[in-house]
Amino acid sequence: MTLAIVLAADPAAGHLTEPGRPAGEPLTERLAAQWRRAGADDVRIAADLTELADLVAAATGPVLVSGADLVAHTAVLKHLATSPVGPTVALVLTDPPAPGQATVREERGQVVEVDAADATGVFGGALRVGAADLPAVADAARRAAGAAPDAPDARLTDPASAPGVGATDGGPRNAVDRLVADLAARGTLIFAQRVRLLVAHRVGDEAQRDAAEAAVAAVDEDRAELKLSVKERDDFFTTFFVSTWSPYVTKAAARIGIGPTGVTMVSVAFAVAAAVLFGVGGRPALVAGAVLLYLGFVLDCVDGQLARYTRHFSAWGGWLDTMADRFKEYVVYAGLGFGATHAGFRYGWALALAAMTLQTVRHMTDTWYGALHDEAARRPKVVTADAGGIGGKLNAASTRVQADTGSVSYWLKRTVVFPIGERWALIAIAAALFGPLVALVAVLVWGTLAFAYTGGLRTLRARWMRVPVMATVDAGLHRDDGVLARTLPTTRRPLLLAVLGALGSAGTLVWALLAVHGGGDLPVWVPVLALVLLLGAAQASRAPHDGSLDWLVPAALRAAEYLFAIAVGVAGRAPAWLIFGYVLVLTLHHYDLTARLEKRQSAPPLHAATLGWPGRSLLLAIGLIAGYASIALATLGAYLLVVFVASVVLAWVVLPARARGGVRSPG
């Protein structure tokens, strides 16, 4: 159950009235009605912070809090209540701050500081509090109200020095602003909800209220919400070749009642059909496959737009969207690999494997670099000795380019990194015009250049930021080490050991390719040595990942395992499609982990049963040495697929149903 609380302690609560209502009726009643329309199950009006603290302390689900001076579209409140980020989210406005209002500084969508000298916005007087943060909010409300005599920090009880009690201009701080300032001061992670196209203003008198009401009435709320369903900043191809017409599809889907999950499934079907056509070959099939791939990508955008338009967000939907995107792309690679082989190119499957491995490793660096930036944003800004060095200059240049939206440099920066829209467009055009082989080569060439570009720049910037990213996440889980790694002695330097493991696997693969091409066999000691290097990388599982470049460790480990598995398959002369299938199952497992990291979710229910990458590599090595590489790949791949499917069913169907006391599929 969602509780909404309108805090009537602010000065505005006593004199702002609702047009058309009896004179003197406070604006709090209007806000209470809006919260109900925004989806709140229960709405209360609290006289002060102490009463608010009591209500929050008794709540068991998310709590919505607003002051009494907010005039906004109901959709603004609904967007805050249903925001997919969080769990705690604050409304942030671009209005100039009035006396008593808190200013905020945001980075990467997080409120990292309140009353900062370099503020980027003003607190909008409303926030959503996740269930996990309710105790902190109740305590912050009591402290901000001066009702916590045991405060460990004198600033929290001294009205002259408490964070959020005295406004920056010396005037009295509004109650809801005291609350959010106190909450931020204690380190609570607060995300920012910006207002676009719709209207929200904090008002202090009748004239301001009249102006705000007029601004609200001037905007078509539904039309604005449909426009808001499109991402504010997207990539070049998506912006100009998809989002120009996809909102019409979104509107139609909403009218006929298709949900985001249904759209995702249709998108998957289109991608699978495109992959089949690419495999069939022939100009008509290739052109038809390109058209289906484009339409599948449009639907891939529509499912997110539909979720934002209808405000139907769920952890299941976010996870499914991430997994479906990767599955669709890699199935298309499989179709291209088969098509290239069918057309007479011997190494079509090899190119498809290379494309899938490259893209997965790239995604792993994206995930962990994002985690690095999130961690850096939450830390105090420290001027380092090399702040004016190349890392600092690159950071400043990147910030300037990102701010210059619509410029040539802005679009070049967004395009050169080879995002998903550009990848799918390149595949469709190259396959339709030149065939599967050219499409795969084009993806590999652009992907490699993009990886080198982003990897080089990020490495320089990461060394400049000097943030131990893995200090805040479960490194052991997301390394995917398993039980075997925990039995090995611990050594330091996780990045060095992971890179050595990847180099050992790469060397084994090259040796295997040369041996098979020459008609010989791979010497036994070669995979054994590679396995030793892999197990050496596993020894760093429990070591602190506190180096400035340790965000590269998971990607290096993924490369090490994938290349070793491919080497085992090549040396054992396993069918190319079998090797591809095995690595595809591994990527699904690893994308499951990264999706959970991005959504701040716990480990999959059957994660221990996946054996960890050292255990899987050991079993494959034993199979190769025994002369049963194909059987090892097929058996282990089938086992991992069964575990993956069972884990998905447990995580998204069985366990939620037990928690609800019934059985119902995720939606």
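Modeller: Let us begin with burial: a residue is buried under 20% relative accessible area, exposed over 50% and partly exposed in between, with a 1.4 Å probe and protein chains only. The model is a predicted one, in which local features need pLDDT of at least 70, side-chain atom pairs count only at pLDDT 80 or more, and totals for chains, interfaces and linings use all residues. Residues are numbered from 1 along each chain as its sequence is written, and side-chain values use heavy atoms, with hydrogens and water left out.

Colleague: What makes strand β1 largely enclosed by the rest of the structure?

Modeller: Strands (E, at least two residues) and helices (H or I, at least four) are DSSP runs, numbered from the N terminus. Strand β1 covers residues 3–7, and five of its five residues are buried, so the strand is largely enclosed. Leu-3, Ile-5 and Leu-7 point one way, Ala-4 and Val-6 point the other way, and all are buried. In a regular strand, side chains alternate between the two faces of the sheet.

Colleague: How do you know that β1 and strand β2 pair, and in which sense?

Modeller: Two strands pair if DSSP finds at least two bridges between them. β1 and β2 (residues 42–46) have five bridges, in the parallel sense, and Leu-7 has Ala-46 of β2 as its bridge partner. With strand β3 (residues 63–66), β1 pairs in the parallel sense over four bridges; there Ala-4 stands opposite Leu-64.

Colleague: Why are helices α22 and α23 called roughly antiparallel?

Modeller: Axes are lines fitted to C-alpha atoms, for helices over the stretch in contact, and angles between N-to-C directions run from 0 to 180 degrees. Angles under 35 degrees count as roughly parallel, over 145 as roughly antiparallel, 65 to 115 as roughly perpendicular and the rest as oblique. The axes of α22 (residues 553–571) and α23 (residues 576–598) come within 10 Å and cross at roughly 160 degrees; the two helices are therefore roughly antiparallel.

Colleague: What kinds of residue make up the contact of α22 with α23?

Modeller: Ala, Val, Leu, Ile, Met, Phe, Trp, Tyr, Cys and Pro count as nonpolar, Asp, Glu, Lys and Arg as charged, and the others, Gly among them, as polar. On that basis the contact of α22 with α23 has eight nonpolar, three polar and two charged residues.

Colleague: Why is helix α1 called oblique to helix α3?

Modeller: The axes of α1 (residues 28–37) and α3 (residues 74–81) are 9 Å apart, at an angle of about 55 degrees. That angle makes α1 oblique to α3. Gln-34, Trp-35 and Arg-37 of α1 meet Thr-74, Leu-77 and Leu-80 of α3.

Colleague: Why does Thr-238 count as buried?

Modeller: Thr-238 lies in helix α8 (residues 236–241). Its relative accessibility is 3%, so Thr-238 counts as buried. Not counting residues up to four places away in sequence, Thr-238 touches Ser-243, Phe-297, Cys-301 and Gly-421.

Colleague: What makes His-545 buried?

Modeller: His-545 is in the loop between α21 (525–538) and α22. Its relative accessibility is 5%, so His-545 counts as buried. The C-alpha atoms of His-545 and Thr-472 are separated by 10.0 Å, and the two residues are 73 residues apart along the chain.

Colleague: How many of the residues in the protein chain count as buried?

Modeller: Of its 667 residues, 53% count as buried.

How values were computed: Contact means heavy atoms within 4.5 Å.
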